[in-house]
Amino acid sequence: MKKPLFFAVIVLLGASFFSGCTSTKLISESDFSPIYITNVKKFYLLPPDCIESDVEVQQLLTANFGEKTMSLLSYLQADKQGIFLSLFNDFGTGMGTLSYDGMKVNFDSAIFPKNLKAEYILADLQFAYYSVAELKKALHSIRMKITVDKGDNPASSEVRRIYNGPFLIEEVIKEPGTIVIHNKLRGYEYTLQEASE
């Protein structure tokens, strides 16, 4: 009996099971939808523990949808428990909330179009804040890729680009205090500027 070989196989299977960001939650048990990252390719949200590092920040969120522009104050908290986003107007009145815990997506806002799926906003936040290694694996599974270019100061700036073959789908520019998310395919852009105290 080749017990050492059998033991080695078990160890390797266990290691692969626990490597990367883990999720005991099954997509089939969740109540969120995949997004169409292209017109035909589906991307499922990654579990919260795939985040690169914890985020807790107040930001000015400026969104451009074609010829429409809106600006709101926002509070973003993202960690291994999930993503929580609150939106406010200039007077501090709540204008909406968005939350994701790996199983459920909750979105309540009267200012966004009724047909806008929260999963698309969450995917953009994941493309900006989640682990590049985990994004690479997820995108590779649908035959897409992400590249990362570091700026002159690699510790504080980078550009993430998501491609479908040779076609640029989305670009995320990360600079100190500012993140710009530009979806080239859908024609919209978010700018997240850290609010000054």
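## The nonpolar core

The largest nonpolar core in this predicted model holds 45 residues. Such a core is a set of buried Ala, Val, Leu, Ile, Met, Phe, Trp, Tyr and Cys residues joined through side-chain atoms within 4.5 Å. Buried means under 20% relative accessible area, with a 1.4 Å probe and protein chains only. Ile-37, Phe-43, Tyr-129 and Tyr-130 touch the most other members. Helix H2, residues 118-129, gives the core its largest share, 8 residues.

Tyr-129 has contacts (heavy atoms within 4.5 Å) beyond its neighbours within four places in sequence. Among them are Ile-51, Val-55, Leu-76, Arg-160, Ile-179 and Leu-192.

Strands S6 (residues 94-100) and S7 (residues 105-108) run antiparallel, joined by 4 bridges. Two strands pair if DSSP finds at least two bridges between them. Ser-99 has Asn-106 in S7 as its bridge partner. The hairpin has 4 residues between the strands. Gly-102 takes a positive phi near 100° in this hairpin.

## The whole chain

The chain has 3 helices and 12 strands. These are DSSP runs, numbered from the N terminus: helices are H or I with at least four residues, strands are E with at least two. Of the 197 residues, 41% are buried. Among contacts between residues at least 6 apart in sequence, 46% join residues at least 24 apart.

## Basis of the values

Residues are numbered from 1 along each chain as its sequence is written, and side-chain values use heavy atoms, without hydrogens and water. Local features need pLDDT of at least 70 and side-chain atom pairs count only at pLDDT 80 or more, while totals for chains, interfaces and linings use all residues.

How values were computed. Buried < 20%, exposed > 50% of the residue type's maximum accessible area, 1.4 Å probe, protein only.
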